[in-house]
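Dear colleague,

I am passing on the structure below, with notes on what turned up in it. Please read them with the model open beside you.

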Amino acid sequence: MKKTFTTLLLAALSCASSFAADTWLLQGTPWTVDTLFHNQVGPGTTSTSLWFRNPADGDALRVFYATMDLTNPYVTLRGVCATDKLAGNETISGMAKRKSKEGERYFVGINADFFVTSGQTNREVSRVGTPVGSVVVDGVIFRARNNAKLYKNFVVDAQGAVYVNPFFFGGTIVAPDGSKQTLGGINTYANEKAASNQNKVTIYNDLYYGGTGETGGCEVAAVLAEGEKFETGNKSFKMKIVGAPSTAGDMDIAQGGYVLHGDGTAASFIANLKDGDEITVSPSWTYGGQSVEPYQIISGNPKILENGVTLQSEGDRGDASARHPRSAVGYSHDGKKVYFLVVDGRSLISSGVRTTWLADIMRYAGATDGMNVDGGGSSVLYTSTLGVRNKPSDGRERADGNAFYAVSSAPDDDQIASIRFIDFALKSPKYGVYTPRFYGYNQYGMLVSQDVKGVTLSCDPSLGTIIGDTTFYADGTARDGMLTATYQGATISAPVQIIDAVDAINITNDSIIADGLKEYPVAVQTIVGETAMHISPQALTWKSLDESIVAIGEHTGLLKGLRNGKTQVVGVLGEICDTMEVNVEIPEARVMPIDPNLDVATWKFSQTGGKDVVVTAVGNGFDYTYTGASGRAPKIVLSKTFRLWSLPDVIRVRVNPGEAPMKNFVFGLRARGGAMIYHTITPDVVKPNEELVVDLPTSAWCDATDMGNYPITLNSIQINMNTSTTGQVYDMHFLGFETVYLDMPEAPAKKGDINADGEVNVSDVTALINKILGIAEYADAACDINADGQVNVSDVTALINMILG
């Protein structure tokens with residue numbers, strides 16, 4: 001079986017690591033910071049993964065963030081509400097996929113507002129997924145709610161500028177008679193308006209729950225006046241009253257329409273409106289004298305970072321001082337870069353953070369201002385090309401109420417214009433073997449390929465050797481240098497650092513099978529940081545504990561079996577070592593029977609579409625007779641578990657179907673005790689009464705070069721049939737079940753042994769006649785008995801004379 005380091009079970013494996021860990025203070029405590037991943041994922045956008053560790057107590061955090069450059073002409077920020085309504089739930093990835101289209105690719109996303117998790121209206125409309133703060137999406141107000149003491153806003157204005165502040169929603173409504181009323185909110189909770197919102201008008205639109213849900217005050221329906229647009233702030237627009245005001249409550253909200261609701265003095269204001277009246281609405285969003293025209297708003301709490309200073313925010317909400325998975329959004333001092341950041345929690349490898357720690361980590365990423373948004377199981381950072389970057393604490397993506405995205409307006413283009421190493425920096429042990437992989441980007445910077453082929457490597461010979469243009473072998477004398485990749489004339493380089501000492505080595509397999517035919521280079525790994533890396537077996541000194549069974553090159557690690565048996569080999573590197581068991585199984589012939597001296601009592605036979613089955617052992621096979629019968633999905637299943645000898649290249653079944661309507665063969669196999677794998681072989685043609693050879697190459701269903709896949713177990717062979725004629729008797733002859741070892745030499749054909757059973761007798765006369773008649777195919781060397789260069793009836797006479805002596 002394959003071996004794994006215990007540390008691998010705790011690691012989110014990445015091949016990239018920084019050369020030296022940084023140190024960063026989280027509320028005065030020093031933590032080391034390793035960069036596990038950093039690469040471009042879209043226009044002006046990178047994804048980064050960090051590993052924070054506290055050396056004092058072993059505590060650890062996993063951090064994932066995306067950095068968006070808003071100066072890139074193709075990048076904008078946009079919000080999405082699940083199902084495009086105020087209430088509803090969708091995963092972050094689901095919303096991105098639903099909204100994406102040509103010229104609008106939602107390629108990076110993060111969860112956004114805290115949201116309602118239960119309840120419904122008196123119309124039995126679910127409130128679940130409703131964001132609790134203000135939300136604006138593409139200039140459409142889903143909710144404007146004045147709860148600044150609880151929730152802050154991340155705002156993108158109409159010009160693309162970004163803000164984090166508790167913006168106050170307000171404004172005025174002016175009636176035709178000049179009377180004026182204060183605007184208090186849009187789609188706020190029915191019957192739950194704060195005292196500060198009394199005597200103000202609330203507007204409901206068709207993104208709400210179908211009705212206002214109000215039980216008091218006064219309401220009236222309205223539509224936008226002709227040619228008007230519902231503005232989000234700082235601009236006035238006109239609405240037209242439809243119908244008469246009503247005090248019945250819970251007024252229907254028509255599709256494309258609005259309802260105005262008011263209590264107190266606002267109720268009197270609405271009661272005075274008449275059908276056909278035009279009112280002027282002037283909404284506003286302000287904070288500290290600053291006014292904005294929002295195009296996107298998401299809400300969260302608390303604000304954690306301001307002007308590069310971590311705010312002592314842990315008293316701002318009940319759980320701020322507790323350690324949880326958390327998400328944050330923020331921006332740089334000049335507002336040109338925006339950060340989406342998630343810290344995992346509630347796991348063995350990441351304990352979660354307080355909001356003050358979250359702010360400190362945001363500062364490490366580059367943000368100067370930021371806001372905590374919904375966290376816990378909601379915390380998700382998503383990229384369209386690499387998927388969900390973190391490990392949500394629920395074990396999967398949670399369906400959230402809304403999300404925030406970086407959106408690319410670049411045209412779709414799958415042509416690779418540039419490449420990058422997936423591993424942005426590399427530490428390699430001496431004699432390490434490294435085959436890098438590459439991301440491919442189109443001309444706009446969008447990641448379009450996660451495994452670019454055709455890249456060639458080069459490096460200074462003092463650093464190492466390039467094997468086959470694609471693999472770096474660290475056998476040089478230099479301790480650092482650059483590895484260069486070239487693709488279609490373009491080049492890119494990445495730094496490499498060579499280290500002499502490793503903490504552990506790991507022979508990849510606990511045990512292997514050797515066939516005595518080929519040399520096998522022992523596969524060895526080590527761990528550098530969190531990276532599992534192959535190292536050349538030439539880096540170790542090797543010894544076989546029984547050199548009569550296994551020989552191994554002391555300085556090459558090339559192993560070869562000498563005789564059947566078991567022993568161990570030991571690899572030593574400095575003061576560390578590892579062992580591997582070797583089981584030598586040398587094939588006796590190129591073709592070997594799987595079940596020699598077959599006993600049908602040890603097999604299990606089942607059939608649909610046939611009855612009255614009789615099975616009779618014949619040599620290394622058997623005759624199978626049945627009577628046709630009706631049945632759905634006709635088939636014959638032959639079952640017995642065989643642990644196949646050595647390293648077979650092919651599993652072979654030889655059968656003469658007689659008149660039976662064979663269709664295809666399904667082999668049930670396991671590689672080294674793993675999951676059952678079913679592989680189907682469909683012959684090009686099945687001729688009645690002629691031998692059919694069905695070969696299943698090992699390489700067709702598993703990696704035949706991976707020694708960890710052996711031994712192979714054959715568990716069943718299912719022969720799918722066409723419909724047999726009811727009542728007809730069919731005779732099938734399974735001539736052999738065999739394994740083939742292609743490195744074994746062909747056995748020389750014995751003259752006269754036409755059927756290759758090792759004997760020359762009357763059965764060979766029948767075989768030779770079938771050969772001449774074209775019924776069966778046998779080797780000419782065995783059939784040309786009189787050596788005249790032809791196979792004909794004279795050879796039959798010669799064979800009979802040979803048998804008679």
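The largest cavity holds about 40 Å³ of space, where a cavity is a set of points on a 1 Å grid over the protein atoms alone at which a 1.4 Å probe fits but cannot get out, and a volume is the space filled by probe spheres set on the points, joined across faces, edges and corners. The model is a predicted one, in which local features need pLDDT of at least 70 and side-chain atom pairs pLDDT 80 or more, while totals for chains, interfaces and linings use all residues. Residues are numbered from 1 along each chain as its sequence is written, and side-chain values use heavy atoms, with hydrogens and water left out.

Its lining (residues with an atom within 4 Å of a point) consists of W603, L638, K640, F642, L714, N715, S716, I717 and F737. Of the strands (DSSP runs of E, at least two residues, numbered from the N terminus), β52 (635–643) and β57 (712–721) each supply at least two lining residues, and β57 gives the most, with 4.

Elsewhere, D423 lies in the loop between β28 (418–421) and β29 (426–429).

Finally, helix α4 (residues 355–365) has 10 of its 11 residues buried, among them W357 and D360.

Best wishes

Definitions and conventions. On a 1 Å grid over the protein atoms alone, a cavity is a set of points where a 1.4 Å probe fits but cannot get out, and a pocket is an open set with protein on both sides within 12 Å along at least five of seven lines; lining residues have an atom within 4 Å of a point. Buried means under 20% relative accessible area, exposed over 50%, partly exposed in between (1.4 Å probe, protein chains only).
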